[in-house]
Amino acid sequence: MSRIVVLGAAGQAREVAWYLRETGHECVGFVVSDLSKLNDRDSRDRVLGDESWIDAHHSEIDGLALGIGSPGPRNRVADRVRARHPNLRWPTIVHPSATFDHESIKLGDGVMIGARAVLTVNVTLHDWCMINFGATIGHETRIGRGAVVNPGANISGGVAIGDGVLIGAGAVILQYLCVGAGATVGAGAVVTKDVAPGVTVVGVPARVAPADAKSSL
């Protein structure tokens, strides 16, 4: 049984801890970037400390997992911690109920695939990307580093999703489209054309969101 520390302490971290239990790992506890920012949504009783805890105890654990639901912070935290501890593993965490083609899938470090997610053939998931529960990913789809696909999203075949992208719950992306790095697809949106890097799209069909709508996503 591997001893894994989860980075983060809120709801996503609790889900990752559940996935670790389901896959035979031990969740040692949670580590956060800033102890002063803990709030009532965080699992305070399971927080081991800030990232300096890893510095002091790295020889006592086997690896790390990301329990952070936002793409930007996922990549920043993972980069920072990996630079300090290059020898610690980032295991792939796949819930037992997820379905995918073991022969053709390509998985980077620290990838998480949630409960009842379905991925078909020749799917590529880069480091630290997260496929949440109930999402579906079609053939030849490529999902970038630290990207997050939220529950129930449907990504058709041949889609290219850039680094740090956020796909909202229940969103649909039609086949062979590209979603540029750092973009956000709002919950329930239907993407019918390429999305430029860094923009937010919402609605059916998805269009670039007005500035005052982005804060509510």
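Me: In this predicted model, which residue has its backbone oxygen 3.0 Å from a polar atom of the side chain of T141?
Reply: T141 sits in the loop that runs between strand 11 (136–137) and strand 12 (142–143). A polar atom of the T141 side chain lies 3.0 Å from a backbone oxygen, and that distance falls within the 3.5 Å used for a polar contact. The residue that supplies this backbone oxygen is G138.

Me: Is T141 buried or exposed?
Reply: Setting aside residues up to four places away in sequence, T141 touches N122, V123, T124, I155, S156, G157, G158 and V159. Its relative accessible area is 0%, and the term buried applies under 20%. T141 is therefore buried.

Me: Which residues does Q175 contact, leaving aside its neighbours within four places in sequence?
Reply: Q175 belongs to the loop between strand 17 (172–173) and strand 18 (178–179), and with a relative accessibility of 47% it counts as partly exposed. From Q175 to G134, which is 41 residues away in sequence, the C-alpha to C-alpha separation is 19 Å. With the neighbours within four places left aside, the contacts of Q175 are S156, G157 and V159.

Me: How far apart in space are P197 and V165, C-alpha to C-alpha?
Reply: P197 is placed in the loop between strand 20 (190–191) and strand 21, where it is exposed, with a relative accessible area of 60%. Not counting residues up to four places away in sequence, P197 touches G180 and A181. P197 and V165 are 32 residues apart in sequence, and their C-alpha to C-alpha distance is 8.8 Å.

Me: Which strands stand at the edges of the open sheet of 8 strands?
Reply: The pairing in this open sheet is mixed, and its strand order is 5-7-10-13-16-19-21-22.

Me: Why is strand 2 largely enclosed by the rest of the structure?
Reply: Strand 2 runs parallel to strand 1 (residues 3–7), joined to it by 5 bridges, with V5 opposite G29. The chain passes from strand 1 through helix 1 (residues 11–22) to strand 2 in a right-handed β-α-β crossover. Strand 2 also pairs in the parallel sense with strand 3 (residues 47–50), over 3 bridges, where G49 is the bridge partner of V31. Strand 2 (residues 26–32) is largely enclosed because, of its 7 residues, the number buried is 5.

Me: Which elements give two or more residues to the lining of the largest pocket?
Reply: The largest pocket has a volume of about 560 Å³. Its lining consists of 21 residues, and those nearest its centre are G8, A9, A10, D42 and I68. The elements that give two or more residues to this lining are helix 1 and strand 2.

Technical notes: Residues are numbered from 1 along each chain as its sequence is written. This is a predicted model: local features need pLDDT of at least 70, side-chain atom pairs count only at pLDDT 80 or more; totals for chains, interfaces and linings use all residues. Side-chain values use heavy atoms; hydrogens and water are left out. Helices (H or I, at least four residues) and strands (E, at least two) are DSSP runs, numbered from the N terminus. Buried means under 20% relative accessible area, exposed over 50%, partly exposed in between (1.4 Å probe, protein chains only). A polar contact is a pair of N or O atoms within 3.5 Å; within protein, one must be able to donate a hydrogen and the other to accept it, and residues adjacent in sequence count only if both atoms are side-chain atoms. Contact means heavy atoms within 4.5 Å. Two strands pair if DSSP finds at least two bridges between them. A crossover is right-handed if, with the strands pointing away from the viewer, the path from the first strand over the helix to the second runs clockwise. On a 1 Å grid over the protein atoms alone, a cavity is a set of points where a 1.4 Å probe fits but cannot get out, and a pocket is an open set with protein on both sides within 12 Å along at least five of seven lines; lining residues have an atom within 4 Å of a point. Grid points are joined across faces, edges and corners, and a volume is the space filled by probe spheres set on the points.
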